[in-house]
Amino acid sequence: IPRAISISKRAGSSHSPRSHRSRGNSVDNKENQVKRSIKKCNLKPPQPGLPPISKPAVSIKTMGKPDIGTRKYTDLKRWFCISRPQHPKACGITSLVSCWNFLCSELGNGTQPYLTPEVAIQILGYEKEITKIEWGQFTGNKMIMQWFEKLCQYFKLKGKARMYWKKDCAHAEPETVLKNYLADIRNPRKAFIYHCHNHYFSPIGYDVTTNDPALGYAELKDCNLNDSTPWIIIGETSRKQPGMHFIKWKDVVADI
C-alpha cells in the first residue's frame, strides 16, 4: 500500500487529544479562508437544490402512448433470414433463399429446415459449384420466380411468386403501391425481392419520416404520406455494403 494512504495502528497505542485539536483547527482555518474569499468577492455561498419555479415554462399534457410502430417497422425475422455474405454475382439466388427461409423454414415462419444457397442450387438442378456458375448471364425476375415455385414443389408446399410492381407495366400509382407495401411487409406470408440496377436484395421494413417536426411521435394514420419522406429498409446480402440500409421511396420509384 502506498505510504500516503496506508493506515496502521499499533497495539496499545492511542491518538492524543492534541492531534484531534490540531486537525480540527486546520479544518476550521480552511473554512474561514473560504468564507473570507467569498465575502471579498461579494459572492453568495452556493445553495443546495434547484431554485424555486414561480411559473412553469412549458405546459406538459399527459397523453396516451402513441403506436410508433405504425411508422417505424423492421421485421427481425426477415433480417435474421438474410443470407450474408453472398457468393460473387449470386445476389439473385441468395435473396431468393433469404425469402424462402423467412416464409417456409424454422428460421422464419415455417417448419422446414433452413436452406443455404449451396443446397438450394442442388435442389434446382445445378450440378456445378455455386462459385463456378455465371449467375449474371441468366438470373432474371422470371427465373427467380420459377426457382421459388420449384423449391415449394420440392418440399410439397403451396407458394406463388409474382411481379409486385413495375412502374411501366402497372396501372397502380406509387402512393397506392407504397400503402400496400406498408401493410404487406407486416404479413408473415409474404416476402419481397427488390431488383435494383444490377443487384437483388430484400426489403425488411420501412420508416415513414414526417416532414413536420411537431409530428415526430405521431402514428402513421396521423401522417400525410405526401408530406412525409418514406424510407424502405433493405436487408443486404453483399458484404461490400452495410447489412441494413435505407432507400428513399422516391428513389425506388425512379429506379423501378
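## Helix packing

Helix H3 passes helix H5 in a right-handed crossing, the near helix being turned clockwise from the far one by less than a right angle. Gly92, Ile93, Leu96, Trp100 and Leu103 of H3 make the contact with Ile144, Trp147, Phe148, Leu151 and Cys152 of H5; contact means heavy atoms within 4.5 Å.

H3 covers residues 91-104 and H5 residues 141-154; their axes come within 10 Å and cross at roughly 40°. That angle makes H3 oblique to H5 (under 35 degrees is roughly parallel, over 145 roughly antiparallel, 65 to 115 roughly perpendicular, and the rest oblique). Axes are lines fitted to C-alpha atoms over the stretch in contact, with angles from 0 to 180 degrees between N-to-C directions.

## Model and overall make-up

The model is predicted: local features need pLDDT of at least 70 and side-chain atom pairs pLDDT 80 or more, while totals for chains, interfaces and linings use all residues. Residues are numbered from 1 along each chain as its sequence is written, and side-chain values use heavy atoms, without hydrogens and water.

The protein chain has 7 helices and 5 strands, in the order α-β-α-α-α-α-α-β-β-β-β-α from the N terminus. These elements are DSSP runs (helices H or I, at least four residues; strands E, at least two). Of the 256 residues, 33% are buried (under 20% relative accessible area; exposed is over 50%, partly exposed in between, with a 1.4 Å probe and protein chains only). Among contacts with a separation of 6 or more, 60% are between residues 24 or more positions apart.

## Strand pairing

Strand S4 (residues 228-235) has 6 of its 8 residues buried. S4 runs antiparallel to strand S3 (residues 199-210), joined by 8 bridges, and pairs with strand S5 (residues 244-248) in the antiparallel sense over 5 bridges. Pairing requires at least two DSSP bridges between two strands.

Glycine 235 of S4 is the bridge partner of serine 202. Glycine 235 also stands opposite methionine 244 in S5.

## Backbone in the loops

A cis peptide bond, with omega of about 5°, joins arginine 84 and proline 85. Proline 85 lies in the loop between helix H2 (76-80) and H3.

Two residues other than glycine have positive phi: lysine 156, near 60°, and asparagine 198, about 65°. Lysine 156 is in the loop between H5 and helix H6 (174-184) and is exposed at 79% relative accessibility. Asparagine 198, in the loop between strand S2 (194-196) and S3, is exposed with a relative accessible area of 71%.
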